[in-house]
Amino acid sequence: VVNYWLEKGISGFIVYKFRLRRLEGQSTLTTNQVYFTRGPIPQSSDQIKGLVCKDITGGQEHPPIPATNLVDDPPVSPTGFTYYKSVKVANNVTVPKNATGCKCKGFCIDPKTCECALLNGSDFPYVSRDGGRLVEAKDVVFECGPKCGCGPGCVNRTSQRGLRYRLEVFRTAKKGWAVRTWDFIPSGAPVCEYTGILARTEDMESVLENNYIFDIDCLQTIKGLGGRERRSNNVAVPANLLDKCDDQGSESVPEFCIDAGSTGNIARFINHCCEPNLFVQCVLSTHHDLKLARVVLFSSDNISPLQELTYDYGYALDSVFDSNGKIKQMPCYCGAPGCRKRLF
């Protein structure tokens, strides 16, 4: 112990903090509960080292998202994409807007009378604490939409309110760009939606070296198709919604995807980890087509300030092929104790 001090914690209690120095010859850490920080949590982009861009969003997000680079010489900023906070739809894709909506007024309160709550198993998927937190991961979350009688402050619109935490894009030595938070993020909180161009998967098959394509596999996950792991202890999705997808019921490959290669938001910079602190949640609000669900990233645990944000990309080993049909392999550098050593 080389230093210690007192700070007021996020709950208002006094916290003792210690600065430690490793002993010579000490064995490698075997826990991911120790976080390495660069010092005090910055209050603005002017206080951080290696700043290469004050706001990668061009003013679209509040608060702004800075980018830092202490790896490259000379340092470069993220390029090759256009920031867009909402999903753009390809010309040959039509997104329905046929969700009927609930008849609640102001706020949805009674799960026994709210039509949206009935779709969620006669309960609301969120609690209002900390601005709205998801109680548990589900096959799909049905949120209130444009035809509902409730207002924007309804707890059942939690994922629709945009970014609420201060984030930073930073350069890493082996993983390219990454994202970390400046704020404490509680478990179950929505972090960001994965945006880009909503397109048909078949149209992306000829696109090579695009690592920003996110398959919308809500239906495949619900039915356990293509080797996907089904989520347990969840309320069953209404049968009539699954019936509408019967024509794709035998397909293991999702029909639609989100391409964030040239257009996307902060989510395109979030890296894979074999033991992540975020999870993927499919959300429906303007319509109830499972194949076109919104993709939202939620925190799976309490996340401390200056910790990197990650989620599991979900690749099966030996599932990616090059243009010649040969299996491609990519090493994983997430550093988790249970790392699978390969991304795919």
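Strand β2 gives the most to a nonpolar patch, with three residues. Strands here are DSSP runs (E, at least two residues) numbered from the N terminus. The model is predicted, so local features need pLDDT of at least 70 and side-chain atom pairs count only at pLDDT 80 or more, while totals for chains, interfaces and linings use all residues. Residues are numbered from 1 along each chain as its sequence is written, and side-chain values use heavy atoms, with hydrogens and water left out.

The patch lies on the surface and is formed by Val1, Tyr4, Leu6, Ile14, Tyr16, Phe18 and Leu20, which together have about 860 Å² of accessible area. Patch residues have over 30% relative accessible area and no salt bridge; like charges are joined within 9 Å, and nonpolar side chains (Val, Leu, Ile, Met, Phe, Trp, Tyr) within 5 Å. A salt bridge is a side-chain nitrogen of Lys or Arg within 4 Å of a carboxyl oxygen of Asp or Glu. Areas come from the Shrake-Rupley method with a 1.4 Å probe, and for residues only the protein chains shown count as cover. At least two patch residues come from each of β1 (3-8) and β2 (14-19). Valine 1 belongs to the segment before β1 and is exposed, at a relative accessible area of 69%. Exposed means over 50%, buried under 20%, and partly exposed in between (1.4 Å probe, protein chains only).

The largest nonpolar core has 51 residues, and Val169, Ile266, Leu290 and Leu309 have the most contacts inside it. Strand β18 (residues 278-284) gives the most to this core, with four residues. Such a core is a set of buried Ala, Val, Leu, Ile, Met, Phe, Trp, Tyr and Cys residues joined through side-chain atoms within 4.5 Å. Leaving aside neighbours within four places in sequence, isoleucine 266 is in contact (heavy atoms within 4.5 Å) with Ile56, Ile65, Tyr83, Leu163, Leu167, Val169, Val179 and Cys192.

The strands also form sheets. β3 pairs with β4 (residues 67-68) in the antiparallel sense over two bridges, and cysteine 53 stands opposite alanine 67 in β4.

Strand β15 (residues 256-259) runs antiparallel to β13 (residues 197-200), joined by four bridges.

Key. Pairing = 2+ DSSP bridges.
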